[in-house]
Amino acid sequence: SEKKNITVKNDSTINPEKVLIVYLSRTNNTKAIAEIIQRNVGGELVAIELEKPYPDNYQATVQQVSNENETGFLPPLKTNIDSIQKYDVIFIGFPTWGMKLPPPMKTFLTQHDLSGKTVIPFNTNAGYGIGTSFETIKQLAKDSKVLEGFEMKGGIERDGVLFVMEGAKLTEAEKNVKQWLKEIRISK
Ligand SMILES: Cc1cc2nc3c(=O)[nH]c(=O)nc-3n(C[C@H](O)[C@H](O)[C@H](O)COP(=O)(O)O)c2cc1C
C-alpha cells in the first residue's frame, strides 16, 4: 500500500495516520475548515460533542458561555479520544465565543495529555478575530509545540447569518487554508 507522508518544520516526516483534526462547530463553518484540512493533510476528523448540548437559542448560549468563563466551569464532553497517544499532530478547531476559546475546548485540552505533540489551532469568527483563544491554547497545551494558527471570517449568528462556507466563500477558504499549510510547512 502507498504511504503518504506530511512534512513539518523541523524536517521530520509523519504519517497522516498520526494526524488528528478535532473541532467544535455549532453552525458548521469551522467544520468546513476542518474538512478542507483533512482533504489536504489527511488524518482523523473528530467533532467535539457535549454531554449536555448548548441551547439552540443564540442569546441563551452567549449567556451560558459567559457564566462558564466567569466560573471556570468545564462542560463535560461526550467525545473522548482514548487513543490520543497515537497522534503526533493535533489540529484544534473552534469558533471564537465571547472573544475567547470556547469552554468545551478548554475541557478537551484539560482532559488530554498533548505534551510533546504538535498542536495547530484553526478558527472561524464573525469578523472580530480570534480574541485570546490562541493564547489560551498555548497556556493549556504548555508542553506542546503550538504552530501558527489559521483564522477566517465565518458566520454571524447574532445577525442570523449561519453557514457561509459554500460557493465563492468555500473556494476562498480552500485557497487560504492551502496558503497557511504551506507557510507552516505542512504538506502531503
Ligand atoms: C456563543 C457565541 C459567541 C460568539 N462570540 C463571538 C465573538 O466574540 N467574536 C466573533 O467574531 N464571533 C463570535 N461568534 C460568532 C462565531 O464565531 C462565528 O459565527 C463562527 O463562524 C461560528 O462557527 P461555527 O459555524 O463552526 O459554529 C459567536 C458565536 C456564538 C454562538
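**A tour by questions**

Visitor: Leaving aside its neighbours within four places in sequence, which residues is L162 in contact with?
Guide: Contact here means that the C-beta atoms of two residues, placed from the backbone, lie within 7 Å. Once neighbours within four places in sequence are set aside, the partners of L162 are T27, G155 and E157.

Visitor: Before we go on, what should I know about the model and its numbering?
Guide: This is a predicted model, in which local features need pLDDT of at least 70 and side-chain atom pairs count only at pLDDT 80 or more, while totals for chains, interfaces and linings use all residues. Residues are numbered along each chain as its sequence is written, starting from 1.

Visitor: Back to L162, then: is it buried, partly exposed or exposed?
Guide: L162 sits in the loop between β8 (150-153) and α5; helices (H or I, at least four residues) and strands (E, at least two) are DSSP runs numbered from the N terminus. A residue is buried if 20 or more other C-beta atoms, placed from the backbone, lie within 10 Å of its own, exposed if 12 or fewer, and partly exposed in between. L162 has 14 other C-beta atoms within 10 Å, so it is partly exposed.

Visitor: Are α1 and α5 parallel, perpendicular or oblique to each other?
Guide: Axes are lines fitted to C-alpha atoms, for helices over the stretch in contact, with angles from 0 to 180 degrees between N-to-C directions. The axes of α1 and α5 (residues 167-183) come within 10 Å and cross at roughly 50°. Angles under 35 degrees count as roughly parallel, over 145 as roughly antiparallel, 65 to 115 as roughly perpendicular and the rest as oblique. The two helices are therefore oblique.

Visitor: Which residues of α5 make the contact with α1?
Guide: The residues involved on both helices divide into 9 nonpolar, 1 polar and 2 charged. From α1 come A32, I33, I36, I37, N40 and V41. On the α5 side they are L170, A173, E174, V177, K178 and L181.

Visitor: Is F122 buried or exposed?
Guide: F122 belongs to strand β6. Beyond four places in sequence, its contacts are I33, I37, F91, G93, G149 and F150. The count of C-beta neighbours inside 10 Å is 23, so F122 is buried.

Visitor: What covers the buried residues of α3?
Guide: In α3 (residues 103-111), 7 of the 9 residues are buried, so this helix is largely enclosed by the rest of the structure. Those residues are P103, P104, M105, K106, T107, F108 and L109. Their cover includes β3 (19-23), β5 (89-95), α4 and α2.

Visitor: What is the phi of M99 near?
Guide: M99 is in the loop between β5 and α3, and it counts as partly exposed because it has 13 C-beta neighbours inside 10 Å. Its phi is positive although the residue is not glycine, with a value near 60°.

Visitor: And what is the phi of N28 near?
Guide: The loop between β3 and α1 holds N28. With 18 other C-beta atoms within 10 Å, N28 is partly exposed. Here too the phi of a residue other than glycine is positive, near 75°.

Visitor: Which residues does T132 touch, not counting those up to four places away in sequence?
Guide: T132 is in the loop between β6 and α4 (133-140). It is partly exposed, having 13 other C-beta atoms within 10 Å. Its partners are M99 and K100.

Methods: Nonpolar A, V, L, I, M, F, W, Y, C, P; charged D, E, K, R; others polar.
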